[in-house]
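Reader: Could you walk me through reading a few features of this structure, one at a time?
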Amino acid sequence: MERAILVFDNTSEVIRAEGVLKSAGWSIRVMGPPPEIRSGCDLVIEIPLMERLNILRTLERKGLLPIETVPVVSPLLQPVDLFQSKDFGDYLMVRAANMKLTIHKKSLVIVNISGGGCPDVPYLAEAMVGKKLDESPSPREIGHTLCGYALQLAYEEIKRQCLP
Amino acid sequence: MFAVVGTVPDEDFPLVSGKVTMDGDKICIQGHSVPVNRGTPALLAAAIKTCETLNSNLPFGCLVGDIGKGAGSRRLYATLVEQLTSFDSGPGDSQLKTDKRSETGTDLNVFVFHYLQPDVDWHNRILMAMEKMRKRPVLIADAGFMYAAKMSGFAAEYDLFTPDAGELAFLADEAAPHPFYTRGFVLHEENKIPELIARAYEHENAARCLLVKGKTDYVVDEKQIHATVDTPLEDAMEAMGGTGDTLVGIVSALIGTGMSVIKAAALAAKVNRWAGHYARPTPATQVIEIIEQIPRAFSRVLREEK
């Protein structure tokens, strides 16, 4: 199937658009952009080319139009999809790509966030550390960069492991 | 004298520059104070503790608020590009130059770039501006700015990168534009570190020197592993946010005193490990507890060095 990518102005919009499209049932993937359109902290959304207009209409309804749609002509970069868990006894740490999230197992309180280098990491840590897993804002809601996106993956994985 | 260029996690924090001090668990600059949690404030706090211990000049900060949207970083980049040459006591009366002269009285000869939005275009403009300075400063990059430096293809222009094992794998993967895309075959197990170091240099994606943070810290000079530091080992530090930032703060302050990059890197690795050890950390320990132990760690390491 022919694929295309949706290019947005910033990573925050990609993260929001991913949520909108997945909720609407579209088969899409968040990927790395081809070299010619990389600026430094990028994500794009890969979509089936044939569904382009329907997908754009879904996004338009949420005020989230991409700045361009580009046909995929070469392999796109795959985000890291491996998780590593480390048990510290009373604490559990989950790593996704370059981000690590640690909780106190009994209370389910987020005790530390480490790794990453984008400026939303300290912001996310300030907002999340000290809160219970099910009460914390998610990185998807308040993060803006690839590091924030990686933290979302770690957050989802640790919730999968620890919440009923 | 060294300058630290980075961000604080408050969107409304203005662009400021000047001498940075510490008051309790906050850093202070130009009448503003910022809690020390992780990121650039943690780097600066560790640097200040180092300067106080060694009785050397406090860091000069160039800070702006940015919560990941990039607007603050870009404003800081633009201001730096416009005013960088003024750091070198050239003509002009920019605000940064005035701040620098009034507060430090000396030239800035070390620049540390830290938690900034990775942006290759702005990175290249900064680097070009640096090259125009009369005397090229020592250039250190960590976190987001290191990502941009690698992606730009100009990594070799830097004197020191300070990656952790995962970031080293990113440097070693010539195709990855961000650690998020490091390919699976570039594994970052501890026993692969020498291999990754070699690969990073092979593709010219490493600075002249590397300080690789991890279970064992590696100090690398021009492709050769110069030293390793692996004691004391506190496993919990892997989970703690900001322990890499403290290491960069210590090494930057040491280089700011005129110490060679390699000697500073080896010394900083030891001090950071001992500071962590003295804090008796658990995975819930916060980085300020380690920063408070830096003077004690210096006492021990300098005594041993003698």
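Predicted model: local features only at pLDDT ≥ 70, side-chain atom pairs only at ≥ 80, totals over all residues.

Reader: Is Asp120(A) buried or exposed?

Author: Here one counts neighbours, and 20 or more other C-beta atoms within 10 Å make a residue buried. Asp120(A) has 33 C-beta neighbours inside 10 Å, so Asp120(A) counts as buried.

Reader: Which residues is Asp120(A) in contact with, leaving aside its neighbours within four places in sequence?

Author: In chain A they are Gly143(A), His144(A), Thr145(A), Cys147(A) and Gly148(A), and from chain B come Ile67(B) and Gly68(B).

Reader: On to the chains, then: how many residues of chain B are in contact with chain A?

Author: 39 residues of chain B touch 40 residues of chain A. On the chain B side, α4 (120-131), α5 (143-152) and α6 (165-172) each supply at least two residues. The largest share, six residues, comes from α5(B). By class, that side of chain B has 20 nonpolar, 13 polar and six charged residues.

Reader: And at what angle do the axes of helix α1 and helix α11 of chain B cross?

Author: For a helix pair, look at the distance and angle between the axes. Those of α1 (residues 40-54) and α11 (residues 294-305) of chain B come within 9 Å and cross at roughly 50°. The crossing of α1(B) past α11(B) is right-handed. Ala46(B), Lys49(B), Thr50(B) and Thr53(B) of α1(B) make the contact with Ile294(B), Pro295(B) and Phe298(B) of α11(B).

Key. Residues numbered from 1 in each chain as written. Chains lettered and ligands numbered in written order. Buried ≥ 20, exposed ≤ 12 C-beta atoms within 10 Å, placed from the backbone. Contact = placed C-beta atoms within 7 Å. Axes fitted to C-alpha atoms, helices over the stretch in contact; angles between N-to-C directions. Helix = DSSP H or I, 4+ residues; strand = E, 2+ residues; numbered from the N terminus. Left-handed = near helix turned anticlockwise from the far one by under 90°. Nonpolar A, V, L, I, M, F, W, Y, C, P; charged D, E, K, R; others polar.
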